[in-house]
Amino acid sequence: IMSMIDPETGRPFVAFAAHRIGNDQSAPVDNCAMGGYTAPIDVKTGTMGAASASKFSGMTKPHYPIHPHSGNPIEGVVIPQWEKLKHEICELHGRLNYINYIGWDIVYAADGHFYLLEGNDQVDLKLHQVHSPLLLDSAVKKFYTYHIGISR
């Protein structure tokens, strides 16, 4: 989950999110650099889209609505307690508001709780951008325009 501080209001918001998904090639990790997948998460609803690999050959990016090895659904799966998670991420980022953006690594465990692994100030944007251009979101574009002067 990527949160940013709105440059006008000073309040954090969840800008974008993705779920990393391991496979036979990336085992024992879910790392995209090792061949794993990533599925976009709709920030408003917490619903996952079809997964993709950030590394692929050819001009067509493969989409996986179900996991190609396990057969488990991906597309349409809703992250449990999504609104609560977003609220808690924004609240925590609000306490760390001297950091403009944070990429949060979070695990949802079988016990129904979320566990924060770490917050990163160097975020792998291609993990998210493989799904959609980030600057299509007006709040994200405003953030980058303010901080690095993007004008388009």
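The mean positions of the 12 positive and 15 negative charges of the chain lie 7 Å apart, where Lys and Arg count as positive, Asp and Glu count as negative, and His and the chain ends are not counted. The place of each charge is taken as NZ of Lys, CZ of Arg, CG of Asp or CD of Glu. This is a predicted model, in which local features need pLDDT of at least 70 and side-chain atom pairs count only at pLDDT 80 or more, while totals for chains, interfaces and linings use all residues. Residues are numbered from 1 along each chain as its sequence is written, and side-chain values use heavy atoms, with hydrogens and water left out.

**Overall fold and dimensions**

- The chain has three helices and six strands, these being DSSP runs numbered from the N terminus, with helices (H or I) of at least four residues and strands (E) of at least two.
- Read from the N terminus, the order of these elements is β-β-β-β-α-β-β-α-α.
- The radius of gyration of the chain is 16 Å, which agrees with the value near 15 Å that a compact globule of 152 residues would have; the radius is taken over C-alpha atoms, and the globule rule is 2.2 Å times the number of residues to the power 0.38.
- Along its principal axes, the C-alpha trace spans about 45 × 40 × 25 Å.
- Among contacts between residues at least 6 apart in sequence, 47% join residues at least 24 apart, a contact being heavy atoms within 4.5 Å.

**Surface and burial**

- The accessible surface of the chain comes to about 9100 Å², of which 54% belongs to carbon and sulfur atoms; such areas come from the Shrake-Rupley method with a 1.4 Å probe, and for residues only the protein chains shown count as cover.
- Buried residues make up 34% of the 152 residues, where buried means under 20% relative accessible area, exposed means over 50%, and partly exposed lies in between (1.4 Å probe, protein chains only).

**Nonpolar cores**

- The largest nonpolar core has 19 residues, and those with the most contacts inside it are Ile1 and Trp82; a core of this kind is a set of buried Ala, Val, Leu, Ile, Met, Phe, Trp, Tyr and Cys residues joined through side-chain atoms within 4.5 Å.
- Strand S2 (12-21), strand S3 (37-41), H1 and strand S5 (101-108) each supply at least two residues of this core, and the largest share, four residues, comes from H1.
- Apart from this core lies another, of nine residues, among them Met4, Ala15, Phe16 and Phe143.
- Leaving out residues up to four places away in sequence, Trp82 touches Ile1, Ala17, Ile41, Asp42, Val43, Lys44, Thr45 and Gly46.

- Lys86 lies in helix H1 (residues 82-95) and, at 14% relative accessibility, counts as buried.
- Beyond residues up to four places away in sequence, Lys86 touches Val14, Val43 and Lys44.
- Gln81 lies in the loop between strand S4 (52-53) and H1, and its relative accessibility of 37% makes it partly exposed.
- The phi of Gln81 is near 55 degrees, a positive value in a residue other than glycine, whereas most residues other than glycine have a negative phi.
- His63 also belongs to the loop between S4 and H1, and it touches Ala50, Ala51 and Ser52, not counting residues up to four places away in sequence.
- His63 and Glu118 are 55 residues apart in sequence and 28 Å apart in space, C-alpha to C-alpha.

**Asp6 and Lys142**

- Asp6 lies in the loop between strand S1 (2-5) and S2, and with a relative accessible area of 10% it is buried.
- Lys142, in helix H3, is partly exposed, with a relative accessible area of 27%.
- These two residues, Lys142 and Asp6, are 136 residues apart in sequence and 8.0 Å apart in space, C-alpha to C-alpha.
- Setting aside neighbours within four places in sequence, Asp6 is in contact with Arg11, Phe13 and Lys142, and Lys142 is in contact with Asp6, Pro7 and Glu8.

**Other loop positions**

- Val130 is placed in the loop between helix H2 (125-129) and helix H3 (138-148), and it is buried, with a relative accessible area of 17%.
- Val130 and Pro40 are 90 residues apart in sequence and 9.0 Å apart in space, C-alpha to C-alpha.
- Asn31 lies in the loop between S2 and S3 and, at 34% relative accessibility, counts as partly exposed.
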